[in-house]
2 protein chains.
Amino acid sequence: MKLDDIKALRTSDGESILLLVLDGLGGLPGEPGGPTELEAAGTPNLDALAATGDLGLHLPVGQGITPGSGPGHLALFGYDPLEYRIGRGALEALGVEFDLQPGDVAIRANLCTVDERGRVVDRRAGRIPTEEAIPVCEALDRIEVPGARVFVQSVKEHRALIVVRSEEASGARIGDTDPGREGVEPLPVVAADGESEPAARVMRAWLNGVGDAVGDRTKANMVLLRGFSQLPAWPRFPDVFGLESLAIAAYPMYRGVARLVGMDATAVPEGPEHLVGALEQHGAGRDFVFLHVKATDKAGEDGDFDAKVAAIEAADAVIPDLRAAFPGVFLVTGDHSTPAIMRSHSWHPVPFLLAGGPGRGGSSAHGGFGERACRQGSLGLIRGCELMPLAMARAGRLSKFGA
Amino acid sequence: MKLDDIKALRTSDGESILLLVLDGLGGLPGEPGGPTELEAAGTPNLDALAATGDLGLHLPVGQGITPGSGPGHLALFGYDPLEYRIGRGALEALGVEFDLQPGDVAIRANLCTVDERGRVVDRRAGRIPTEEAIPVCEALDRIEVPGARVFVQSVKEHRALIVVRSEEASGARIGDTDPGREGVEPLPVVAADGESEPAARVMRAWLNGVGDAVGDRTKANMVLLRGFSQLPAWPRFPDVFGLESLAIAAYPMYRGVARLVGMDATAVPEGPEHLVGALEQHGAGRDFVFLHVKATDKAGEDGDFDAKVAAIEAADAVIPDLRAAFPGVFLVTGDHSTPAIMRSHSWHPVPFLLAGGPGRGGSSAHGGFGERACRQGSLGLIRGCELMPLAMARAGRLSKFGA
């Protein structure tokens with residue numbers, strides 16, 4: 001089902017929808033035959049919802065494909081990540097909450113070190129500490145190019161964001177200048193089409209100013225440019241689904257992806273306990289709220305099985321208050337799996353729980369909310385981008401297809 | 001997920017992948033309520049792997065669609081058979097290991113019998129025995145056409161392969177000359193576009209030479225042409241997946257499909273016991289080896305339930321040696337089902353077993369490796385072409401999609 005089709009079917013009223021994302025929720029057994037993190041966690045509130053709601057597994061991108069956070073969340077918002085792709089520069093802009101405008105060209109930049117003949121000797125400037133990179137980026141941000149403003153913002157260590165805002169309209173089909181190896185000069189800035197030539201011209205002029213800006217620095221004295229991209233012109237989530245929408249998240253990246261599809265976004269301190277107050281305060285009048293919990297993914301990335309269990313339990317503890325603050329359809333899931341034993345995102349299908357609205361309910365021989373129960377759940381294995389239509393249907397917000 | 005997307009994600013190293021294809025593995029109960037061939041077979045080695053690995057069912061083409069051997073194997077190699085289609089002529093060339101070159105036009109030919117007025121009286125020349133067909137094909141192979149070489153090779157009974165290798169570049173959009181019924185003349189050779197006219201012209205000239213070549217024969221004295229096609233310009237398996245790849249198979253057809261996607265291929269005598277030595281001898285330095293066992297399919301086609309059970313058991317017996325010779329990720333499945341009670345390929349989903357690498361594992365109430373256990377397996381029902389991404393992920397060979 002394409003977003004246009006959904007939009008044609010959605011009604012103007014219905015129940016509210018609350019999406020609780022426990023980042024990296026899906027897991028693997030800590031030892032062969034043992035429970036996963038979610039199965040090991042004591043989750044009385046999720047278990048009670050699982051007994052009356054519906055369970056299943058979703059694939060954010062596809063079989064065997066490990067999703068990044070951007071594609072994982074886009075899928076949960078109903079956008080097929082294989083169809084809706086974000087460039088790396090635009091994603092970097094989201095991550096630091098740069099207010100990217102339509103027409104801006106965003107670039108992921110690496111501070112690097114070149115020798116006196118301009119050859120790259122370190123592609124990451126020795127992974128320069130962030131506090132040392134900030135003044136370099138500030139100097140680079142002051143480079144002037146006629147007819148354009150070139151923003152430079154430090155991200156982390158050697159990584160920076162560059163945004164070209166030009167008087168002349170420009171595309172972003174421009175090749176990376178990172179040669180991918182050391183001992184050679186950076187590649188020239190080459191536009192793949194005439195439409196992208198204006199931004200390429202700006203960046204050539206800007207690169208000519210780098211030498212003066214960095215002065216006599218012998219480290220982090222040049223910049224490699226990658227992932228030229230723009231804000232995509234996608235259908236807006238509030239228009240597609242007809243939902244007044246709000247994202248509540250502690251990390252800029254997740255507010256950024258929500259804003260990318262047209263949701264409003266509010267920052268909160270980290271920790272599920274802060275979500276309740278924020279939801280009570282900002283949820284009024286909203287049809288859809290997306291809540292983001294980071295701790296589950298962080299524990300998984302750290303390889304800390306027990307910490308992930310604890311993070312799931314902490315989220316479970318606030319669920320009654322979340323439901324009280326925002327009744328209606330309730331969807332709990334992750335944007336991907338992050339098994340502690342892998343210390344990374346993984347391709348394994350992600351458990352989900354849908355409560356509220358009519359459903360067939362409890363089919364699992366396994367009790368509670370866990371990977372095995374979800375595998376046997378009434379909703380089976382579905383694509384991540386199919387969750388929004390399911391939640392919409394349960395909220396009474398999708399009319400009949402055809403007469 | 002398209003092959004281009006996979007290629008963009010694949011890494012340059014990781015574990016090895018061993019694909020063991022038991023041709024026509026999927027079956028049906030020999031009697032209502034009874035076990036399938038695979039369930040009836042004593043397979044201690046597969047059962048042990050099933051206890052720790054992951055099970056599922058795959059559909060090579062789609063629901064209700066019975067796959068031929070070509071599409072079935074293409075799916076296992078990760079190529080969606082609905083997108084990657086092989087012409088019948090090219091498939092015939094693979095089957096006899098004709099060294100088809102880019103630009104060659106391959107044609108599936110039937111020896112037929114025409115009367116003195118040129119009307120087809122038997123479209124298959126009385127299913128002429130192969131040994132009688134061979135001298136006819138040899139005579140036809142000697143027909144000379146200016147500017148081209150027209151190879152003719154006997155396949156089996158009345159079936160032959162014709163390959164046009166022309167000095168002039170040509171397409172292969174040329175209609176069949178088989179009128180589909182008797183009592184009428186063969187259809188003329190008609191190209192559907194100008195690009196295909198050169199090969200059509202060659203074949204018209206060649207057909208004019210058939211009369212002299214067959215002399216005074218009153219049977220098998222003409223040729224019907226079908227399935228004009230060329231070597232497809234597909235992405236190569238070793239490039240897409242980044243795998244040094246080898247096929248080991250007794251039958252030319254399976255080596256041919258493997259070569260079609262760019263794998264190397266080695267012939268072995270029939271029987272799973274020969275696979276072990278071949279794998280030990282030729283597997284070194286390979287990232288991916290495809291092993292083919294024909295006996296399962298053959299027994300199914302013969303309608304011999306017990307012989308299919310025995311063929312599965314014989315394959316099971318060599319599995320420890322295969323695993324020892326080529327450790328890493330191990331995928332065991334079929335290219336389609338061939339239930340003995342149907343005496344033919346069928347559309348039923350095919351059981352598969354994935355071992356090695358991280359997985360959620362054992363969920364089935366049914367023990368061992370069989371259709372019912374696979375239906376309840378942790379990996380569910382998937383498309384055949386999704387197996388390679390899953391195997392790649394488990395081998396640690398796919399990086400994250402998006403940041």
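Helices (H or I, at least four residues) and strands (E, at least two) are DSSP runs, numbered from the N terminus. The model is predicted: local features need pLDDT of at least 70, side-chain atom pairs count only at pLDDT 80 or more, and totals for chains, interfaces and linings use all residues. Residues are numbered from 1 along each chain as its sequence is written, and chains are lettered from A and ligands numbered from 1 in the order in which they are written.

**View 1. Two non-glycine residues of chain A with positive phi.** E157(A) is found in the loop between β5 (148–156) and β6 (159–166) of chain A. Although not a glycine, E157(A) has a positive phi of about 50 degrees. E157(A) counts as partly exposed because it has 18 C-beta neighbours inside 10 Å; a residue is buried if 20 or more other C-beta atoms lie within 10 Å of its own, exposed if 12 or fewer, and partly exposed in between, with C-beta atoms placed from the backbone. E97(A), in the loop between α5 and β3 (105–114) of chain A, is likewise not a glycine and has a positive phi of about 55 degrees. With 16 C-beta neighbours inside 10 Å, E97(A) counts as partly exposed.

**View 2. Helix α13 of chain A and its buried residues.** The 13 residues of α13 (residues 305–317) reach 19 Å from first C-alpha to last, close to the 18 Å expected at 1.5 Å a residue; the expected span is 1.5 Å times one less than the number of residues. Buried in this helix are F305(A), K308(A), V309(A), A311(A), I312(A), A315(A) and D316(A). Down the axis of α13(A), these buried residues fall within an arc of 160 degrees, so they line one face of the helix; the arc is that of the directions from the helix axis to the C-beta atoms.

**View 3. The contact between chain A and chain B.** The contact takes 29 residues from chain A and 19 residues from chain B, two residues being in contact if their C-beta atoms, placed from the backbone, lie within 7 Å. On the side of chain A that touches chain B, α4 (69–76), α5 (88–95) and α15 (371–375) of chain A each supply at least two residues. The largest share of that side, three residues, comes from α15(A).

**View 4. The domains of chain A.** Chain A is divided into domain 1 (3–85 + 233–394) and domain 2 (91–229), with bounds from an automatic or database domain assignment. Their centres, taken over C-alpha atoms, are separated by 36 Å. Domain 1 of chain A gives seven residues to the contact and domain 2 of chain A gives five residues.
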